[in-house]
Amino acid sequence: MAALRSSTAGLRASAASSPAASVPVSSSLLRLPSARRLRLPSLKISRSRPHRGAAGAAMMDTAASSYANALAEVAKSNGTLEATVADMEKVDRLFADPAVQSFFANPTVAAEKKREILVEISGSSELQPHTVNFLNILVDMSRIDIIAEIVKEFDACYNRITGTELAMVTSVVDMGEDDVAQIAQTVKRLTGAKKVRIKAVLDPSLIAGFTIRYGSSGSKFIDMSVKKQLDEIASQLDFSSITLA
């Protein structure tokens, strides 16, 4: 990770020119440009991935943690933690698109071409300069393929530094800011955390209502969905004797 450490100064320099920003709890609901708007070249890419053994997974976790810690160190020193965590949420949502993943993971695509696409991403998503610089470092180091793991590790760094409890709220449709704020206050009261950060996920299978997952590794779960209610009703009914014509 020597190359990463040598790049930290560059990250810090770029972050110095970007003022800190206050990000509301509902920042994860920001609409981002889809991959279709990015001018991704048409590529024939194999979807298969090499098998990762236990040693390989451990190495990936270590690398992701190192990169995430480096970014968190820069963001903390420049007072941009809140803005940077919002940036990483945008990046996570963008790279969840298979087309974006395939493009940046493809070793036959030149790094210069990938950097060109990053310029488009940074402009349309309004990323901070040091976040863009960080993504460029990942491209240069051929580690952009572990961006999802880096985002998770950065979340953990942010939560640890700020004393924040992360709560994953899953619902059928986007929840209003008042509802999100009420959920945040409830989780704060249950956990005693200084702050609560909400990550929103959509899941049509819930039918209606919502679920909340929080605590260490998501160990605490609150289910307020209609799906749960229907499952409970179904479990209490016995239709085994009914024969359909």
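These legends describe close-up views of a predicted model.

**View 1. Strand β1 and its two partner strands.**
Strand β1 spans residues 164-171. Six of its eight residues are buried, so β1 is largely enclosed by the rest of the structure. On one pairing, β1 runs parallel to strand β2, residues 195-202, and eight bridges join the two. Thr 164 stands opposite Lys 195 in β2. Between these strands the chain passes through helix α8, residues 177-191, and this β-α-β crossover is right-handed. β1 also pairs with strand β3, residues 210-214. Here the strands run antiparallel, and four bridges join them. Thr 170 stands opposite Thr 211 in β3.

Thr 170 belongs to strand β1. Is this residue buried or exposed? Its relative accessibility is 13%, so Thr 170 counts as buried, the cut-off being under 20%. Beyond residues up to four places away in sequence, Thr 170 touches Val 201, Asp 203, Leu 206, Gly 209, Phe 210 and Thr 211. One of these, Thr 211, is also the residue that stands opposite Thr 170 in β3.

**View 2. Ile 222 in strand β4.**
Strand β4 covers residues 220-223 and holds Ile 222. This residue is partly exposed, because its relative accessible area is 24%. Leaving out residues up to four places away in sequence, Ile 222 touches Leu 190, Phe 210, Thr 211, Ile 212 and Tyr 214. Val 169 is 53 residues from Ile 222 in sequence. In space, their C-alpha atoms are 9.5 Å apart.

Helix α7 runs from residue 147 to residue 162 and has 16 residues. From first C-alpha to last, α7 reaches 22 Å, close to the 22 Å expected at 1.5 Å a residue. Which residues of α7 are buried? They are Ile 147, Ile 150, Val 151, Phe 154, Asp 155, Cys 157, Tyr 158, Asn 159 and Thr 162. Just after the helix comes Gly 163, with a positive phi of about 65°.

**View 3. Thr 84 in helix α3.**
Thr 84 sits in helix α3, residues 81-95. Its relative accessibility is 0%, so Thr 84 counts as buried. The side chain of Thr 84 makes a polar contact of 3.2 Å with the side chain of Gln 128. Apart from neighbours within four places in sequence, Thr 84 is in contact with Leu 71, Ala 75, Gln 128, His 130, Thr 131 and Phe 154.

**View 4. Helix α5 and its packing.**
Helix α5 has 15 residues. The helix reaches 20 Å from its first C-alpha to its last, close to the 21 Å expected at 1.5 Å a residue. Its buried residues are Lys 114, Ile 117, Leu 118, Glu 120, Ile 121, Ser 122 and Ser 125. Which helices do they pack against? The buried residues of α5 pack against α3, α4 and α6. Just after α5, Glu 126 takes a positive phi of about 55°.

The loop between α4 (98-105) and α5 (111-125) holds Thr 108. Relative accessibility here is 66%, so Thr 108 counts as exposed. The side chain of Thr 108 meets the side chain of Asn 106 in a polar contact of 2.8 Å.

**View 5. Aromatic pairs.**
The count of aromatic pairs comes to three. Tyr 67 and Phe 134 form one that is edge-to-face. Their rings lie 6.4 Å centre to centre, with 70° between the planes. Tyr 67 is in helix α2 (residues 54-77) and Phe 134 in helix α6 (residues 129-140), so the pair ties together parts that are 67 residues apart in sequence. Both Tyr 67 and Phe 134 are buried. The rings of Phe 103 and Phe 104 have centres 5.1 Å apart and planes at 90°, so this pair is edge-to-face. Phe 103 and Phe 104 are buried. Ring pairs also link Phe 95, Phe 103 and Phe 104 into a cluster.

Definitions and conventions
Residues numbered from 1 in each chain as written. Predicted model: local features only at pLDDT ≥ 70, side-chain atom pairs only at ≥ 80, totals over all residues. Heavy atoms only, no water. Buried < 20%, exposed > 50% of the residue type's maximum accessible area, 1.4 Å probe, protein only. Polar contact = N/O pair within 3.5 Å; in protein donor to acceptor, adjacent residues only side chain to side chain. Expected span 1.5 Å × (residues − 1). Pairing = 2+ DSSP bridges. Right-handed = clockwise from strand over helix to strand, strands pointing away. Phe/Tyr/Trp six-rings, centres within 6.5 Å; stacked < 30°, edge-to-face > 60°. Contact = heavy atoms within 4.5 Å.
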